[in-house]
2 protein chains.
Amino acid sequence: MNIHTTQGNSSQVTERTPASTQPEQQTGYMPRVVIIGAGFGGLQAAKSLAHLPVKVTIIDRNNHHLFQPMLYQVATSGLSPADIATPIRETLSRQENTEVLMATVQGVNMQEQRVLLEHEQWVPYDYLIVATGATSNYFGHDEWAKLAPGLKNLDEALMVRDRVLLAFEAAEREPDEEKRKALMTFVLVGGGPTGVELAGSIAEVAHKSFSHNFRHIHPSDARIILVEGKARMMPSFPTSLTNKAQKKLQQLGVELRNGVHVESIDQHGVMIGKDRVDAETVIWTAGVKASSAGQWLQAAVDHDGRVKVQRDMTIAGHSNIFVIGDTALAMQRGKPLPGLAPVALQEAKYVASLIEDWIQGKEHKRPFHYFNKGTMATIGRGFGVVDIGIIRFTGLMGWLVWLFVHILLLMGVQNRLVVFLRYTWSYITFQRAARIILPEHNTHPPI
Amino acid sequence: MNIHTTQGNSSQVTERTPASTQPEQQTGYMPRVVIIGAGFGGLQAAKSLAHLPVKVTIIDRNNHHLFQPMLYQVATSGLSPADIATPIRETLSRQENTEVLMATVQGVNMQEQRVLLEHEQWVPYDYLIVATGATSNYFGHDEWAKLAPGLKNLDEALMVRDRVLLAFEAAEREPDEEKRKALMTFVLVGGGPTGVELAGSIAEVAHKSFSHNFRHIHPSDARIILVEGKARMMPSFPTSLTNKAQKKLQQLGVELRNGVHVESIDQHGVMIGKDRVDAETVIWTAGVKASSAGQWLQAAVDHDGRVKVQRDMTIAGHSNIFVIGDTALAMQRGKPLPGLAPVALQEAKYVASLIEDWIQGKEHKRPFHYFNKGTMATIGRGFGVVDIGIIRFTGLMGWLVWLFVHILLLMGVQNRLVVFLRYTWSYITFQRAARIILPEHNTHPPI
């Protein structure tokens, strides 16, 4: 039984009556592993612990695991939220040593080995795995968060979807030409894979999906501007692939602004370097910072809030506390590992194997090593770039590989079928499957 | 060009420059038909006017047409909102005499033949078709609206989805047995087709889809109570079908309370007759009232706000103003026509034919006549009741007919494929495809 409530004073603990039979009643004490976060890292850790004699509790503030690589499709009306989100309970329903807790974590009491929740509840642990992910990093300009939403969770994706769809609706009603132009200008700050994928997708929506849909504007007049501080888009990719990606973006009608920074953002536009651009929609795709797990653990963090971990993913001084995924700063060959799903997945499996070894009394000295299977990105319909070490390719083949790999990574057979159907349909017809503005989000901006 | 803005005083009118060529420039004056509402009636009216020499403007506060008969599936995590909502612009994109306006109507100026919008905008009309639908009717207890959401639009469906999913999450964390029972009690007020379909679906989610998903509660202990003031559920259906439907509901574990009224609702329960039931989730499926169109038109309305129309669907004294669908009180053989999609569709086609005749200078004396093709409802997975006059059937065959007819009525080939896939998948596995609580809706009720 895992949840406890502190009532009145901290020595009084109410333990709930378990509704189901607990494993400990059959086998005596079993170590309690608590996982915070059900993203790629946390969920994989839970799965990898399925057959060990431990009691697993996975805590997430949401009831679902989110497949972030396809968030840009939710933001551009191609997929519904539930197409890329699966209930954590259902995924782990048959894993009998595991329970799922939908709750918000407030902190960690490392002395008493407890995870603190809301309403003075707490969960005890023997091993703790922290996999709480990352949020958008506004690099000291948090006041921009309201003006320029990021693309890290479903709320933000739906906010971007609303803003893009409502901008065209407002433009259709707008008599003033300057205002209409600003409504049809979209600035994306940050040219990493997320920015590139989102820019390509917005361009396609505006220039293709919306044709014949309006009577007073030409959606193909829409400007999509992608800003990247470094000299080229997708700086983490090889130059040859970046060049092809940039060419494809330009073909789709995306304006590229390389080597220049966004200096300010206000309600009606941005300063790109010294250049003022009127734009009613600005989207932040520039970077991420880790969750506040570093504070819970009083651990050393880097400038992006990532917790410095040792070579076995533990934090210094606590051999039973692991930090994995985007929350961790794990070094390999002198460089930090990137915030990618495969990194989190491999770290999760490694930590589970470490716990297994300890339980079985084995020595486990091998440090974590990330094996890079490659990186890829997709730019609009039918174009992808894939970098698998010596093999690199682009174009339709790259897109098919991207789609194949990502559909396999998606959880749930039904979601795979639906996402495959939607991508195929959209490839043929340019239609977007989820082009709706929910009633509560209707703002009807004045014209 | 259809939108006008009153700036300063009402005699000064700004007319926008059309971005596209307007038909009137080629053929001279064409009558302007304005349709308010893009539900079944409004959208069908627009389509039926496609090939006439008129300028059509269809106004809706949402950007999508909603397929209401499947709303209960959104409310019970079976379908995503976009699966049953299609963008109005896309549906009418190739219909060149028609423009779509996403806007909120404030009223109608019948003297000057204008529809009034927000921000002092207005749209002139020669013919006006009002098809603004209905909302939940709390029969004088509007304070219950917050306690017991209805099921008339996507927001309400998502609210019901959140409440049902969050109730089980809270029950899983709740140590107090009485509170846990109240969290797992669901009261549906109103046993018409909506209440019956929703009750069957919630019962199936609790008793089947959720099995193995929780560790501290048995979701099958959930109580689903369906209350109907009349002597039997679905009083508009023949007694033989109702009896079978009631038996099926009881098999699914739904408690039926016939011939008794809900006397009061508060935050933690309801009074059903003189019987207090503690329930954290109450859903209103009892009845509808028409939109406020009657006030706009200063027209005679019945006690449910429906506008009294003449036999040609016009209102008294205004031969160019039609009211159709759930907003209209149309009498046939001394009884009001029911608020069903087929009624709205047939009325829309009739009104379009009337406008066609007038434009062509023909007499058109035939009054509207509704042809009843039958009614049907579905109760859980694999069970439907169908009443086609002399032919009546129930069970799996009824369910298949229900599904076939409703998938055909859905708009968009992609949505048809996806909905068919989801129903089939759910039939086989009991899994629900959209079991997510959006982050902004996470309330984490205290335990």
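Two residues are in contact if their C-beta atoms, placed from the backbone, lie within 7 Å. In this predicted model, local features need pLDDT of at least 70 and side-chain atom pairs count only at pLDDT 80 or more, while totals for chains, interfaces and linings use all residues. Residues are numbered from 1 along each chain as its sequence is written, and chains are lettered from A in the order in which they are written.

Chain A is divided into two domains, with bounds from an automatic or database domain assignment.

| Domain of chain A | Residues |
|---|---|
| Domain 1 | 4-61 + 103-136 + 289-359 |
| Domain 2 | 142-286 + 375-441 |

Their C-alpha centres lie 34 Å apart. Four residues of domain 1 of chain A are in contact with four residues of domain 2 of chain A. On the domain 1 side, two of these are nonpolar, two are polar and none is charged; here Ala, Val, Leu, Ile, Met, Phe, Trp, Tyr, Cys and Pro count as nonpolar, Asp, Glu, Lys and Arg as charged, and the others, Gly among them, as polar.

Helix H11 of chain A spans residues 396-409; helices are DSSP runs of H or I with at least four residues, strands are E runs of at least two, and both are numbered from the N terminus. In H11(A), A:Gly398, A:Trp399, A:Trp402 and A:His406 are buried (20 or more other C-beta atoms within 10 Å of the residue's own; exposed means 12 or fewer, partly exposed in between). These four lie on the same side of H11(A) because they cover an arc of only 100° around the axis, taken from the directions from the helix axis to the C-beta atoms. A:Phe404 and A:Leu408 are exposed on the other side. The buried residues of H11(A) pack against strands E27 (375-378), E28 (384-388) and E29 (391-395) of chain A.

How values were computed. The expected span of a helix is 1.5 Å times one less than its number of residues.
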